[in-house]
Amino acid sequence: MTALTVAPARRLPRARLRRIASLGLYRGQLELLQFFRGTETVVFSLLFPVFALVIFSSMFDGEIAPGVTYSDYLVPGIIATGLMVTGFQTLAISIAIERDRGGLKRIAATPMPRSAYFIGKVIMVLVTSVVETVVLVAVSVLLYGTHLPGTADAWLTFGWVSLLGVTACALCGIALSSLPRNSRSAPAVVAPFAFVLQFISGAALVFTDLPPWLQWVASVFPLKWMCQGLRSVFLPDSYAAHEAAHSWQLGWVAVALITWVVLGTVLCLVTFRWTKTRDGG
């Protein structure tokens with residue numbers, strides 16, 4: 001009797017998890033299909049960082065430190081920017097548009113577990129982030145002779161910095177998606193955050209050339225730490241002496257990004273809404 005009653009109880013959670021995973025994978029395929037069908041989204045999310053890399057490399061030339069050119073310095077910052085664009089900017093705008101058009105309300109009213117919706121978004125962000133990173137690295141190697149990481153430790157650092165960074169950005173994007181009042185205002189609300197962070201976080205400009213107070217402001221946000229962590233992967237160890245703290249500070253990079261993952265999770269739980277408020281917000 002006990003075995004007969006306990007076994008179904010144990011199978012139910014597993015069946016539910018399999019159903020959620022299956023629906024999440026299906027939702028991820030749908031998200032990717034919608035993403036790559038949107039020409040504007042693909043161009044801005046995937047190709048904008050490539051354009052930025054080419055434009056800034058053409059504008060500035062020469063060495064910024066012994067053995068390190070501006071293009072060398074720019075590559076890890078643009079990769080970090082690409083991760084932020086796909087994880088933060090694209091996600092925040094797309095969710096705000098879906099909410100304004102009633103898409104989230106319809107999803108919440110269906111039998112589909114709500115967690116499957118977020119699994120789909122995670123799949124979309126991870127796949128597009130990988131595609132964008134591969135494209136940026138390929139362009140960097142072909143056009144600017146960027147040297148790929150030569151050790152397993154460097155690749156491991158590349159992996160955890162990228163994963164923690166895009167996770168933190170995605171969670172912040174989900175949280176910020178509740179701020180725009182409607183779909184028309186979503187780009188105007190979200191884009192300035194990303195635009196300003198690119199210029200104060202060491203993604204496009206040499207971080208130590210910025211005023212100290214801007215360096216402090218940038219240190220509050222994850223992009224600065226993503227750029228710094230990726231510079232430790234692509235730049236020679238000698239450049240660590242030119243960082244603001246005269247070291248890569250990989251321990252602090254991990255602490256900062258994990259903190260933003262936790263903070264982003266809390267913000268999502270507090271702010272996320274499936275429907276618009278009565279005043280349109």
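Entry on α6 and α10. I am working from a predicted model. I looked up the axes of α6 and helix α10 (residues 250–271), which cross at roughly 25°, and angles under 35 degrees count as roughly parallel, so I noted α6 and α10 as roughly parallel to each other. Their axes come within 8 Å. The crossing of α6 past α10 is left-handed. I then listed the contact: α6 brings residues including Trp 160, Leu 164, Gly 165, Ala 168 and Leu 171, while α10 brings, among them, Val 253, Leu 257, Trp 260, Val 261 and Gly 264. Sorted by class, this contact of α6 with α10 holds 17 nonpolar and 6 polar residues, with no charged ones.

Entry on α5 and α6. Next I checked helix α5 (residues 114–144) against helix α6 (residues 152–176); they pack at about 135° with axes 11 Å apart. That angle makes α5 oblique to α6. Here the crossing is right-handed. From α5 I wrote down Phe 118, Val 125, Leu 126, Ser 129 and Thr 133, and from α6 Phe 158, Leu 163, Val 166, Ala 170 and Ile 174. My tally for the contact of α5 with α6 is 8 nonpolar, 2 polar and no charged.

Entry on cavities. How many cavities of 30 Å³ or more does a search of the whole structure find? I got 2. I found it lined by Tyr 73, Val 206, Phe 207, Thr 208, Arg 231, Tyr 239, His 242 and Glu 243. By class, that lining has 4 nonpolar, 2 polar and 2 charged residues.

Note on methods: Residues numbered from 1 in each chain as written. Predicted model: local features only at pLDDT ≥ 70, side-chain atom pairs only at ≥ 80, totals over all residues. Heavy atoms only, no water. Axes fitted to C-alpha atoms, helices over the stretch in contact; angles between N-to-C directions. Helix = DSSP H or I, 4+ residues; strand = E, 2+ residues; numbered from the N terminus. Parallel < 35°, antiparallel > 145°, perpendicular 65-115°, else oblique. Left-handed = near helix turned anticlockwise from the far one by under 90°. Contact = heavy atoms within 4.5 Å. Nonpolar A, V, L, I, M, F, W, Y, C, P; charged D, E, K, R; others polar. 1 Å grid on protein atoms, 1.4 Å probe; cavity = no way out; pocket = protein on both sides within 12 Å on 5 of 7 lines; lining within 4 Å. Points joined across faces, edges and corners; volume = space filled by probe spheres on them.
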